[in-house]
Amino acid sequence: MTQINTQFYKKQAQKAICNTVLQQALLDLQNRLGPATKAAYNSLAEGPALRKTAHDIRMHALENLDILLETLAQKIRQQGGHVFFAKDGETATNYCLEVARNLNVKMAVKGKSMVTEEIGLNTALMRNGIEVNETDLGEYIIQLAKEGPSHIIAPAIHKTRKQIGKLFSEKLGIPYTDDPPTLTKAARRVLREKFLRADMGISGCNLACAETGHITTVSNEGNIRMSSTMPKVHMVFMGMERVVAKLQDHDILFRLLARGASAQNMAGYVSYIGGPRSADQLDGPDEFHLVILDNGRNKILADKEFREVLTCIRCAACLNVCPVYGKIGGHAYGFPYSGPIGAVLTPLMVGINKAHDLCQGETLCGACRKACPVDNDLPRMLLLLRAKLADGDKDWEVERNNPAEKIMFMAWSVLIRNRKLFDMFLRAGYWIQKVFPRENGLLKKLPLGLNGWTASRDIKPIAPHSFILLWKKKHR
Amino acid sequence: MMDKTQPVTLFIQCLIDGMYPEIGEAVVRLFEKLKIPVDCPLDQTCCGQVAYNSGYQKEARMAAKRFIQLFEKAAVIVCPSGSCVDMVRHNYPALFKDDFPWFKRALSISSKTFELTEYLVDILGIEDIGACFDKKITYHDSCHLLRNLDIAEQPRKLIQHVKGATFIEMKNSDKCCGFGGTFSVKYPDISTAILEEKVDNIIESGADTVVGCDISCLMNIQGMLSRKNVSIKTLHIAQLLAGQ
Amino acid sequence: MENTNQNEFILNIKAALRKSPAMDSAGSTKIFTRNDKDKDAQNILVTPNPIKDRKTLLELLVYQANLLNINIFPKATTRMAAKAIKKLIQQKSPEWGEKKSIIKWKHPLIDALKLEEQFENDDVTLYTTESECIPSDNDREIHRANLIESYVGITSADFCVAESATLILRTRPNQPRAVSLVPSIHIAVINVEQILENLKELYFRLIHDPKEKQLGLTNCMTFISGPSKTGDIELVMVHGAHGPRELILYVITG
């Protein structure tokens, strides 16, 4: 897991803002997918109101999570699969290592899975001598480049074709090209060999179905299908909240997922997998293991104000419209979950004080709430996190983030409850500001604490007479 | 339909009160033009939004209580700021959800607090104020106004009825300008980067004036336009409609 | 080990949800009851679709399929489809190597193509995924080798959803899942009656049609809505990622 602290966020943000390649990539991404997703919701037979239905389905599932997970586990075991409940990342990783040891796994192929990044699975496997190959093209690219993902759905969006061309020619020994089809073909060739040789295939789970006992995987590339079909063991990592009760819930959720993620009607490949191959089948894995992970989710579930954040289906629609993410990219968030969902989830998972920049460094513009296919009210939760940082919170072990600021707002609260004091404050401000540099009636530089504004913007000074004063004069 | 000539009580917004009183005066002129009496509680200060958004709910509650006490006798409250109306309409009831008597009072006041363009178009049914402005205008959708209050058509209708004005939609008019309250000074690099894109879109539109309904956004945008020596002017919708 | 982990895990969830530990989970089946507005259930389940509707559905499918880079060819008879497949094989070269091998499902519709006859005089190897009731490890190894060698995989499907041009494939003995995945080219052959209008109808059938309910989803059900693709390099759409590079769909119209 990566380090998260203020300096990291602001520094990474600055770096990202200066990275013209990344800026153009993010702009293109948001210009393309933001409006397209909105149109896609409107194209639903039930209209965008379907999102509220989806929200209710997800909340209902969370409220019955104990029943759903027990049912899911029971069904999968009946179908010959193994199910393991892991309270934290270490437990989950150890289970995977044990299975790998027992089956003499030397090489694994992996579909994109945020949960496995959250628990640092790759590192653990590699430390134990197991070769891990990311197979989602974007993940493969950043694995070669030894970087982290900058977007939930398109992890290598920050890299240009030229950069990828150079990377491939260095690491794969192919002649340099910057043609995406040729580069894709090169990756296809290399990874095909891995798929066919791998001892273990690892995937996440998009949304399990308790009623039928299936996990589901969603992709466009076919890499998850390959990873879950060709190796002799298929290992699935699933955040405990990624389940719904009934098959009929999937109809609505998959339609919304595809629209939220990439403005499509349906993703290229969706697979329902209920366990290993049966005795009468010619192909498919011999063994199937489902690891259901808590790792902080239960605490979120227990808090009714935050429970809603677990309805997320990881489509990244919120990233595609967030003005902050659109400038700072995924790396600044310092954790696999970036964008608005990351701004709420990460503090709840790694510590609210530790990740305070993530929930304070947002404009609360509300675009995420409008874009979310399951109608998640992220701005409400961001405000709640800010309230905990302002006054501290015992349950979530939050310390007051900025005691000086608290004092300032306490003073402010006195000021605004007394018009005379407020007038005095305006008056004082009017006189003090006379020493600030100005030009053409606008202030050019404000003192420390407010100078962030004037680094790039002018500001109008406090007026000589307030509106209320002018009104008083007029109506005397 | 409300009585069209009933007096409105003015909720002026602290930024306009302290920094842009001319906008407040434009609002008054506007209602004078419409022959609607305006009264203004002289003790008003701030709706508390700045504290609320920074997480200081206790302090925000104090501001809310004061506001409710000052304004609850009004028949109708009008404010030339979307974010402030959002604060009263949606966040005041939320602030008092565990305090039933205050919750009731908050609900009552939230039902009669309107943003300026919302009041003109939806309540009074007026789209043509009889204003003139011989320039190319583009419009910035402020976030809370657009997404929390669902106000988008009303300002546009009003602008489009201004004689002599050419209305041009800018690219991504609904994208945030990067103000975000204290965000603009706490995370200035990110705020600036977001604002740069907004300013680029404004310039690209070819307009010479950008109109908005929230002075906080306009202040942010104007700040960069003047720093970059761009001659495009910002104008609050009240100023556009009342004439300067 | 597995069970104690689970017990503790579930108890924690119950605590989070403020449910008493003694509350019987397995008995609470309310969450699984459907809120069906089932008045028209029987109408929806009438098969096959009336001929008038079939034409419209096919048109919709063709339109959507073209948007998704699926090569769709309505053919009046299996014989015509078989001829078209022969022509296709003659035109297309293997992605890797020189040998032209095809792997196909053991399935009534695929059998009806009589592909062995079509390729009688061609230098093309045909593999059919037919196996004993319980295939041996050796059978599986042979199948895997044939799979990897083949550049074309031919399957049918359970359904085809027109609105999103999605093929629904369930896994059965003799109809292994990798045939639609590993070869470079995936050819699917279906009957026009198998076309459904939208995903809603598909899920409805899976849930309510007694025949489908009995089969269930099987242990691997896949939705395929086009050849494999990726936009991971600068959001440029490339067809042919890790799954088949091409998806060719023959619809037997009769």
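Two residues are in contact if their C-beta atoms, placed from the backbone, lie within 7 Å. Keep that rule in mind for the whole tour.

This is a predicted model, in which local features need pLDDT of at least 70, side-chain atom pairs count only at pLDDT 80 or more, and totals for chains, interfaces and linings use all residues. Residues are numbered from 1 along each chain as its sequence is written, while chains are lettered from A and ligands numbered from 1 in the order in which they are written.

**Stop 1: the chains**

Colour by chain. Two pairs of chains are in contact, and chains A and C share the most contacts. Now select chains B and C. No contact joins chain B and chain C. Their closest C-alpha atoms lie 20 Å apart.

**Stop 2: where A meets C**

Select chains A and C. This contact takes 71 residues from chain A and 65 residues from chain C. Helices (H or I, at least four residues) and strands (E, at least two) are DSSP runs, numbered from the N terminus. Pick out helix H10 (residues 180-197) of chain A. Helix H10 gives the most to the side of chain A that touches chain C, with eight residues.

Next, colour by class. Ala, Val, Leu, Ile, Met, Phe, Trp, Tyr, Cys and Pro count as nonpolar, Asp, Glu, Lys and Arg as charged, and the others, Gly among them, as polar. On that count, the side of chain A that touches chain C has 30 nonpolar, 23 polar and 18 charged residues.

Which strands of chains A and C are joined by five bridges? Select strand S9 (residues 269-273) of chain A and strand S9 (residues 220-224) of chain C. They run antiparallel. Strands count as paired if DSSP finds at least two bridges between them. Click on A:Ile273: its bridge partner in S9(C) is C:Cys220.

**Stop 3**

**Stop 4: the core**

Show all chains again. A residue is buried if 20 or more other C-beta atoms lie within 10 Å of its own, exposed if 12 or fewer, and partly exposed in between; C-beta atoms are placed from the backbone. A nonpolar core is a set of buried Ala, Val, Leu, Ile, Met, Phe, Trp, Tyr and Cys residues joined through C-beta atoms within 7 Å.

The largest nonpolar core has 289 residues. Among the members that touch the most others are A:Met238, A:Cys318 and C:Val189. Helix H12 (residues 247-262) of chain A gives the most to this core, with eight residues.

Zoom in on A:Cys318. Leaving aside its neighbours within four places in sequence, A:Cys318 is in contact with A:Gly339, A:Pro340, A:Ile341, A:Cys368, A:Ala371, A:Cys372 and A:Leu378.

**Stop 5: inside chain C**

Chain C has nine helices and 12 strands. Of its 254 residues, 42% count as buried.

Find the open sheet of six strands, in the order S1-S12-S7-S4-S2-S3, with parallel pairing. Strand S1 (70-75) and strand S3 (124-129) stand at the edges, each with a single partner strand, so one side of each is left without a neighbour in the sheet. Direction ignored, neighbouring strands of this sheet are turned by 20° against each other on average.

Now select strand S2 (residues 100-105) of chain C. Six bridges join S2 to S3(C), and the two run parallel. The bridge partner of C:Ile102 in S3(C) is C:Leu126.

Axes are lines fitted to C-alpha atoms, for helices over the stretch in contact, and angles run from 0 to 180 degrees between N-to-C directions.

**Stop 6: the domains**

Domain bounds come from an automatic or database domain assignment. Start with chain B, which has domain 1 (8-122) and domain 2 (128-242). Their C-alpha centres lie 22 Å apart. In chain B, 27 residues of domain 1 are in contact with 23 residues of domain 2.

End with chain C, divided into domain 1 (1-33) and domain 2 (40-252). Their C-alpha centres lie 41 Å apart.
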